[in-house]
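Welcome! Please look over the protein shown here, and then we will walk through its parts together.

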Amino acid sequence: MPVSMLARAVDMSRAVAAGRQCQTLRWSFGASPTRQFSTSSPRLSSGLKINADRLNKTLHETCQWGAAHRYGSGPTQTGMARLALTDDDARARRWFAEEVKRLGCSLTVDQMGNMFAKRPGSGNIKAPMIAMGSHLDTQPRGGRYDGILGVMAAIEALRTMEENGYRTNFDVGIVNWTNEEGARFPKSMVSSGVWAGAIPVEKAWDLADVFDPATTMKSELQKHGYLGEMACSSDASTGVPLSAHFELHIEQGPILERANKKIGVVSGAQAYKWFTFTVVGRDAHTGTTPLEARSDPLLAAAKMIARSHTIAKEHGALASTGIVKIPVNSSTNTIASQTSFTLDIRHPEDSVVAEVEKLCLDSFHQIAKEDGRGVSFSWTLDTDSPAVKFDKECIRAVEAAADNLVGPDGWLPVTSGAGHDSVYTSSKCPTTMIFVPCRDGVSHHPEEYCSPEDW
Ligand SMILES: [Zn+2]
């Protein structure tokens with residue numbers, strides 16, 4: 001079943017894209033034959049099967065670093081708070097480094113702390129490695145599977161090759177991308193973004209901890225020994241190029257579970273933009289200031305948030321506010337002087353995101369004038385991630401493996417609702433993703449759960 005798709009991984013199907021030689025791993029997820037849910041899939045590729053119990057055990061063992069938010073009495077019934085480049089993240093990274101070396105990999109760390117573990121192939125073919133990439137950092141109230149499952153499944157794939165003496169034609173390996181979540185240093189997928197040339201390294205290094213302006217990504221990379229010497233680049237002459245990038249990830253939504261499918265073959269990722277709006281008014285006494293004499297930024301912000309929801313709904317898009325800030329010295333009987341809020345707009349088409357953005361801005365200008373003396377506002381664009389279509393050859397390889405494992409009725413083509421490092425890698429090498437279901441579609445939550453039966 002799916003996670004094992006990372007394990008039997010290993011038939012190289014070749015893909016020749018844009019005149020450039022590349023290769024794709026044919027992942028076929030096959031669970032341990034001793035398990036009830038094991039498959040007896042035909043030998044499409046290597047015939048290797050991963051050990052799902054070992055994968056499950058390893059995943060939870062490594063969640064000792066950053067375990068938080070207990071929700072049940074079972075040993076694994078906690079969520080995670082393993083923010084990028086914290087002490088717990090550094091512990092997980094050290095474990096990863098040891099583990100991949102034990103599996104015969106060389107390890108390269110670049111200037112953003114991205115960790116590239118490479119297991120050499122037969123040496124007959126000279127090409128950059130094919131990577132299985134994801135991330136070990138989590139949200140502050142995250143779960144045990146987002147990102148972590150992708151890295152652990154990749155480890156299990158290499159373990160399976162190693163114990164079977166399986167040698168690939170091409171170099172294969174794993175990437176642990178730094179600060180994918182953007183939760184501590186507020187730019188998501190920032191390090192794959194630098195690798196892909198979309199974000200300048202200095203800008204990424206200067207990102208400050210959201211709660212501690214004195215701490216930057218660079219200072220934390222230095223502190224933990226992950227400021228590597230290798231350039232963070234896909235350029236073969238200076239950095240670490242990849243021939244292909246495959247990312248296994250929990251779906252983080254309810255579509256697969258509702259459709260009773262085991263695998264999502266991901267065709268691309270939807271477009272999204274993140275903004276921060278700052279609305280400025282004037283402090284005033286709530287008992288003595290008539291409504292028409294007020295300049296109330298919190299009221300205006302509330303209306304703006306509600307309006308963005310309406311506009312998104314009319315366009316079949318998504319608009320969400322995750323952070324609202326008012327001054328810390330706010331008081332019940334004082335109108336707040338300032339309010340800031342974030343806005344996250346998403347849709348599979350860039351043009352719809354642009355339209356929703358425009359209509360939101362128009363209506364926000366209107367709202368700013370509606371009540372009392374009005375308010376002023378400004379905004380910043382924090383992230384702009386256009387829609388992405390993944391590589392057709394890579395998708396075909398995953399489809400073939402999925403057909404083989406669960407049959408044509410067992411999987412579904414899907415678009416990723418979330419951003420992933422694969423969005424950036426796809427601009428530099430053939431890329432796709434494999435989704436596995438997660439319970440009730442819950443993610444970015446301590447109770448996030450993905451059943452080993454779906455691996
Ligand atoms: Zn993730």
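Let us start with the nonpolar cores. The largest nonpolar core has 89 residues, and Leu149, Ile174 and Ala204 have the most contacts inside it. A nonpolar core here is a set of buried Ala, Val, Leu, Ile, Met, Phe, Trp, Tyr and Cys residues joined through C-beta atoms within 7 Å. A residue is called buried if 20 or more other C-beta atoms lie within 10 Å of its own, exposed if 12 or fewer do, and partly exposed in between, with C-beta atoms placed from the backbone. Helix α3 supplies the largest share of this core, 10 residues. Another core, of 24 residues, lies apart from it and includes Ala319, Phe341, Ala368 and Val375. In soluble globular proteins, nonpolar side chains tend to be buried together.

A word on the source: this is a predicted model, in which local features need pLDDT of at least 70 and side-chain atom pairs count only at pLDDT 80 or more, while totals for chains, interfaces and linings use all residues. Residues are numbered from 1 along each chain as its sequence is written.

Now for the overall picture. The protein contains 11 helices and 22 strands; helices (H or I, at least four residues) and strands (E, at least two) are DSSP runs, numbered from the N terminus. Of its 455 residues, 51% are buried. Among contacts between residues at least 6 apart in sequence, 75% join residues at least 24 apart. Two residues are in contact if their C-beta atoms, placed from the backbone, lie within 7 Å.

How do two helices pack together? Two packed helices are described by the angle between their axes and the distance between the axes. Helix α1 (residues 52–62) packs with helix α3 (residues 148–163) at an angle of about 130°, and their axes are 10 Å apart. Axes are lines fitted to C-alpha atoms, for helices over the stretch in contact, and angles run from 0 to 180 degrees between N-to-C directions. The two helices α1 and α3 are therefore oblique to each other, since angles under 35 degrees count as roughly parallel, over 145 as roughly antiparallel, 65 to 115 as roughly perpendicular and the rest as oblique. On the α1 side, Arg54, Leu55, Thr58, Leu59 and Thr62 meet Ile148, Leu149, Met152, Ala153, Ile155 and Glu156 of α3.

Asp209 sits in strand β9 (residues 208–209), and it counts as partly exposed because it has 19 C-beta neighbours inside 10 Å. Leaving aside neighbours within four places in sequence, Asp209 is in contact with Arg184, Phe185 and Thr215. Ala387 is in the loop between β19 (376–385) and β20 (388–389). Apart from neighbours within four places in sequence, Ala387 is in contact with residues including Gly268, Gln270, Pro348 and Asp350. The table gives a C-alpha separation for each residue.

| Pair | Distance along the chain | C-alpha separation |
|---|---|---|
| Asp209 and Phe185 | 24 residues | 5.1 Å |
| Ala387 and Asp350 | 37 residues | 5.9 Å |

Met189 is buried, with 27 other C-beta atoms within 10 Å. Gln252, in the loop between β11 (244–250) and α7 (255–259), has a positive phi near 65° and is also a residue other than glycine.
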